[in-house]
Amino acid sequence: MRVLYRYLVREMLLYFTMVLFLVLVLFVAIDYLGRMGHFIEAGITLTRALQFVLLKVPFMVVIFIPVGILLSVLIAVGLMARNNELVALKGGGVSIYGLFRPVVGLCAISAVAMFFLSEAVTPITMDRANRIEREEIKKRAVLSAGNDIWVKRDRMILFIRYYEPSKKAVHGVSINFFDDAFDIVRRLDARAGVIREGRWVLSDVLEQRRNPIGEELRVRVRPTMMVELDVSPDELRQVVKKSEEMSFWELLHYVRKIEAEGYDATAYRVDLHAKVAFPFVCLIMGLVGLGIAAGRHTGKSLSGAIALGIGTAFAYWILHSFCISLGKGEILSPVFAAWAANFVFVCLGGVLVQSAV
């Protein structure tokens with residue numbers, strides 16, 4: 001059995017490395033060449049542009065590890081099925097369950113590596129990549145310190161205490177308007193607001209306006225006020241602190257801080273549970289891949305098994321993303337939203353393996 005285990009693990013590692021390397025090379029080439037126009041327009045060197053693309057590679061590794069696991073299991077076990085090696089093993093008293101140990105072992109190691117990358121590497125690299133895109137490529141004067149956002153425009157400085165991308169809502173807003181001498185002529189302070197069709201609708205607004213003639217300060221309180229600002233929701237979404245830029249413990253501290261300040265942190269809490277749930281997809285994809293490759297429904301067609309496996313991976317990603325969106329929309333609880341797809345595909349994998357026995 002040890003010889004069989006070593007053989008299967010070696011084959012899966014070989015195909016896993018080949019698939020992951022090919023996918024990453026394609027990603028780097030497509031992302032680099034696809035953004036070439038933006039790089040040239042921004043005036044940054046091609047070496048700096050390549051560095052920007054490579055900084056996103058660890059995040060893409062985390063995303064593609066489950067797909068690599070699925071394809072490696074499909075190819076390794078599928079070749080054994082096509083060459084009647086599985087039939088020989090069954091004749092020798094080795095069932096499909098005997099292949100669990102090497103598959104589960106490799107998947108468990110991949111899940112640990114995936115969690116380590118998402119905790120120790122991707123928060124640093126994605127933060128640097130987003131900063132290069134924001135400051136060097138798009139060249140927009142937007143700064144962020146935690147959940148605080150500062151925006152500088154011509155004769156205007158905007159401060160936002162907290163921004164909710166899912167609702168396009170801002171909280172704790174202060175806007176300072178300046179004259180040519182950079183003296184403050186008007187200030188708006190609002191408790192909250194929403195962005196609708198390029199216009200900001202602020203609520204509970206305190207307006208202070210200076211009269212340049214008499215140097216008088218006029219103060220008005222308004223329940224609602226509409227303001228046109230050259231700041232889009234997409235721009236705020238790019239600068240706001242993202243979950244992939246934080247480790248699990250940083251994100252947990254961030255969620256507690258936001259909730260302590262009285263803001264809604266549902267979206268971040270969903271991402272917090274997803275950080276724990278997503279690495280388990282390696283085990284799920286290994287189970288599904290084993291069930292498909294050894295199943296009777298694909299016969300000896302390796303291409304059919306691979307096509308079915310890729311379709312299953314896409315189905316998982318669609319369901320997982322859909323549940324995450326429902327969780328951020330407060331339709332599902334954060335825990336259920338993060339783990340729902342895992343539960344469904346664990347059941348699917350169990351059914352596929354049982355049908356292959």
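**Group meeting talk: pockets, strands and salt bridges**

Hello everyone, let's start with a list: Ile-63, Phe-64, Pro-66, Val-67, Phe-278, Val-281, Met-285, Ile-310, Ala-313, Phe-314, Tyr-316 and Trp-317 line the second largest pocket. On a 1 Å grid over the protein atoms alone, a pocket is an open set of points where a 1.4 Å probe fits, with protein on both sides within 12 Å along at least five of seven lines, and lining residues have an atom within 4 Å of a point.

A word on what you are looking at. This is a predicted model, in which local features need pLDDT of at least 70 and side-chain atom pairs count only at pLDDT 80 or more, while totals for chains, interfaces and linings use all residues. Residues are numbered from 1 along each chain as its sequence is written, and side-chain values use heavy atoms, leaving out hydrogens and water.

pLDDT is the predictor's confidence in each residue, from 0 to 100. The protein averages 83, and 90% of the residues score at least 70. Where pLDDT is low, the predicted coordinates should not be read in detail. Helices (H or I, at least four residues) and strands (E, at least two) are DSSP runs, numbered from the N terminus.

Back to that second largest pocket. About 280 Å³ of space lies in it, a volume being the space filled by probe spheres set on grid points joined across faces, edges and corners. Which helix gives the largest share of its lining? That is α11, with five residues. By class, the lining has twelve nonpolar, no polar and no charged residues. Here Ala, Val, Leu, Ile, Met, Phe, Trp, Tyr, Cys and Pro count as nonpolar, Asp, Glu, Lys and Arg as charged, and the others, Gly among them, as polar.

The largest pocket holds about 990 Å³ of space. Of its 35 lining residues, Ser-243, Glu-244, Asp-271, Ile-324 and Lys-328 are the closest to its centre. Its lining divides into 16 nonpolar, eight polar and eleven charged residues.

Now the strands, which pair if DSSP finds at least two bridges between them. β2 (residues 148–153) and β3 (residues 156–164) are antiparallel, with five bridges, and Val-151 stands opposite Leu-158 in β3. The two strands form a hairpin with two residues between them, and Arg-155 in the turn has a positive phi of about 65 degrees. Further along, β5 (residues 184–196) runs antiparallel to β6 (residues 199–210) over ten bridges. β6 is in turn joined by eleven bridges to β7 (residues 217–228), also antiparallel.

Finally, salt bridges: a side-chain nitrogen of Lys or Arg within 4 Å of a carboxyl oxygen of Asp or Glu. The count comes to eleven. Glu-207 meets Arg-209 at 2.9 Å, N to O, and Arg-222 at 3.3 Å. The pair of Glu-207 in β6 and Arg-222 in β7 links distant parts of the chain, 15 residues apart. Is Glu-207 buried or exposed? Buried, at 3% relative accessibility, where buried means under 20% relative accessible area, exposed over 50% and partly exposed in between (1.4 Å probe, protein chains only). Arg-209, at 32%, is partly exposed, and Arg-222 counts as partly exposed at 23%.

Arg-269 and Glu-259 also meet, at 3.1 Å. Arg-269 lies in α9 and Glu-259 in α8 (residues 248–260), so this pair ties together parts that are ten residues apart in sequence.
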